[in-house]
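Here's a quick tour of a protein model. Have the sequence and the 3D view open side by side, and follow along.

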Amino acid sequence: KTVFVLNGPNLNMLGKREPGIYGGKTLKDVEADCISACRELGLDVDFRQSNHEGDLVSWLHEAGEHSVGVAINAGAYTHTSVALHDAIKAITVPVIEVHISNVHAREEFRHHSRIAPACKGVICGFGPTSYILALHALKSITD
Ligand code: DQA
């Protein structure tokens, strides 16, 4: 069983980017944590990042064919992207929206998610642990 973990714009900057908000771990560290969590959960993980909206759209389509579920941190596209909303709607595997920070405790423009209505659920505010919680959720809903 394979799950996709998809990361959107600026997440390649994790560790350097606003560490007071996002912490000191790099995306490589988060990937390593996801790989070890998935090993314990008996899942295979395909972990990716892109700064381009279209890549995320294509990867969601791919996940619809080749995964049992998706955890996606769409970064700022969360708040803007009808294309990601539609891509999530276009696939039948469950998609979980993930955020490192508590978007609801931040600027107003981060309070609304364009993708949440298309997702199975949302996990935010637990730092990089948000990803691990999403993997546990995927495991339990796909068992
Ligand atoms: C984020 C929150 C978004 O509002 C922001 O644009 C990001 C990261 C998070 O993981 O907390 O890039 O998705």
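## Ground rules

Two strands pair if DSSP finds at least two bridges between them. Strands (E, at least two residues) and helices (H or I, at least four) are DSSP runs, numbered from the N terminus. Residue numbers start from 1 along each chain as its sequence is written. The model is predicted, so local features need pLDDT of at least 70 and side-chain atom pairs count only at pLDDT 80 or more, while totals for chains, interfaces and linings use all residues.

## The sheet

Five strands make an open sheet, running β2-β1-β3-β4-β5 with parallel pairing. β2 (44-49) and β5 sit at the edges with a single partner strand each, so one side of each has no neighbour in the sheet. On average, neighbouring strands are turned by 20 degrees against each other, direction ignored. (Axes are lines fitted to C-alpha atoms, for helices over the stretch in contact, and angles run from 0 to 180 degrees between N-to-C directions.)

Now look at one pair: β4 and β5 are joined in the parallel sense over four bridges. Glu-97, for instance, has Val-122 in β5 as its bridge partner. The helix α5 packs on the sheet, touching β1, β3, β4 and β5, and its direction makes about 165 degrees with that of β4.

## The core

A nonpolar core is a set of buried Ala, Val, Leu, Ile, Met, Phe, Trp, Tyr and Cys residues joined through C-beta atoms within 7 Å. Buried means that 20 or more other C-beta atoms lie within 10 Å of a residue's own; 12 or fewer is exposed, in between is partly exposed, and C-beta atoms are placed from the backbone. The largest core here has 35 residues, and Val-3, Val-70, Ala-71, Tyr-131 and Leu-135 have the most contacts inside it. α5 gives the largest share of this core, five residues.

What is Ala-71 in contact with, leaving aside its neighbours within four places in sequence? Its partners include Val-3, Val-5, Tyr-131 and Leu-138. (Contact means C-beta atoms, placed from the backbone, within 7 Å.)

## A loop residue

Find Ile-115 in the loop between β4 and β5. Is Ile-115 buried or exposed? Ile-115 is buried, because 24 other C-beta atoms lie within 10 Å. Leaving aside its neighbours within four places in sequence, Ile-115 has contacts that include Ala-74, Leu-84, Ile-88 and Glu-97.

Terms used:
Two residues are in contact if their C-beta atoms, placed from the backbone, lie within 7 Å.
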